[in-house]
Amino acid sequence: MMHLVTSPEAWAALLTLTSLEIVLGIDNVIFLSVIVSRIPAQQANRARQIGLALALVFRIILLSVLVWLIGLTAPVFSFSDYAFSWRDLILIGGGLFLIAKATHEIHAEVEADDSEVDQKSGGSAFFWVIVQIIIIDIVFSLDSIITAIGMAQDIEIMIAAVVIACLIMYISSGPVSRFVAEHPTTKMLALAFLVLIGVALVADGFKFHIPRGYIYFAIAFSAAVEFFNVLAKRNRRKASKPSV
């Protein structure tokens, strides 16, 4: 352990891997922000904390079974010209879940339908949110840990990077969730991101890799445009107020 503390290569690997884990965690934070916005604020805060705690637990568990995880990339069955592994099936299933969930939420927003919140109030709504968080945590954890395995050789570095990334996700998730809740247009944008991420996951499952740089650039560009849009609305609101 001490040789890792004094090794520049280990610190460089930790910094690089932590940065990648934070970037990969953006998807998780966006999903959490959208999904908890459908339940009361007090429950939303608890659901977000439980979701991020589960994300950390799943990542550490997956790191603890590296041999089994690497075996997930071995083909399970073939169809036409495609050979599918368990990893591919999980990515396809998770991507389809994201697309379906985001499409459902977009429909609810467009139709101004709040019936889902009313019908699933209290404990049942909270339980359903936790179930959805668990499903998507497993999908994002798999992608994250496979990246960690490819980037570092020491499990101590992998666990440290995952813990740091999850702590940063925890700190940032609250402000992101509040911003999404306060600005309805950003929620629609976040849902569109989830559809995009879902398509990318399904494509990965079918061995068609969409470079994540393109996706994250699209997200960053759209988020910047939306930020200026929100800022412009706020300034117009201030300017329209009568001066005393």
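How do the residues of the lining of the largest pocket divide into nonpolar, polar and charged? In this predicted model, the lining holds 17 nonpolar residues, three polar and one charged.

**Overall layout**

The protein chain has 244 residues, of which 41% count as buried. Its secondary structure consists of 10 helices and two strands. Read from the N terminus, the order of the elements is α-α-α-α-β-β-α-α-α-α-α-α.

**The largest pocket**

The space in the largest pocket amounts to about 490 Å³. The pocket is lined by 21 residues, and those closest to its centre are Ile30, Val176, Phe193, Ile219 and Ala223.

**A nonpolar patch on the surface**

Elsewhere in the description comes the surface. Val76, Phe77, Phe79 and Trp86 make up a nonpolar patch there, and together they have about 440 Å² of accessible area. Strand β1, which covers residues 75-79, contributes the most to the patch, with three residues. Trp86, another member of the patch, is placed in helix α5, which spans residues 86-110.

Is Trp86 buried, partly exposed or exposed? Its relative accessible area is 48%, so Trp86 counts as partly exposed: buried means under 20% and exposed means over 50%, with partly exposed in between.

Conventions: Residues numbered from 1 in each chain as written. Predicted model: local features only at pLDDT ≥ 70, side-chain atom pairs only at ≥ 80, totals over all residues. Heavy atoms only, no water. 1 Å grid on protein atoms, 1.4 Å probe; cavity = no way out; pocket = protein on both sides within 12 Å on 5 of 7 lines; lining within 4 Å. Points joined across faces, edges and corners; volume = space filled by probe spheres on them. Nonpolar A, V, L, I, M, F, W, Y, C, P; charged D, E, K, R; others polar. Patch = residues over 30% accessible without salt bridge, like charges linked within 9 Å, V, L, I, M, F, W, Y side chains within 5 Å. Areas by Shrake-Rupley, 256 points an atom, 1.4 Å probe, with all protein chains shown as cover. Salt bridge = Lys/Arg side-chain N within 4 Å of Asp/Glu carboxyl O. Helix = DSSP H or I, 4+ residues; strand = E, 2+ residues; numbered from the N terminus. Buried < 20%, exposed > 50% of the residue type's maximum accessible area, 1.4 Å probe, protein only.
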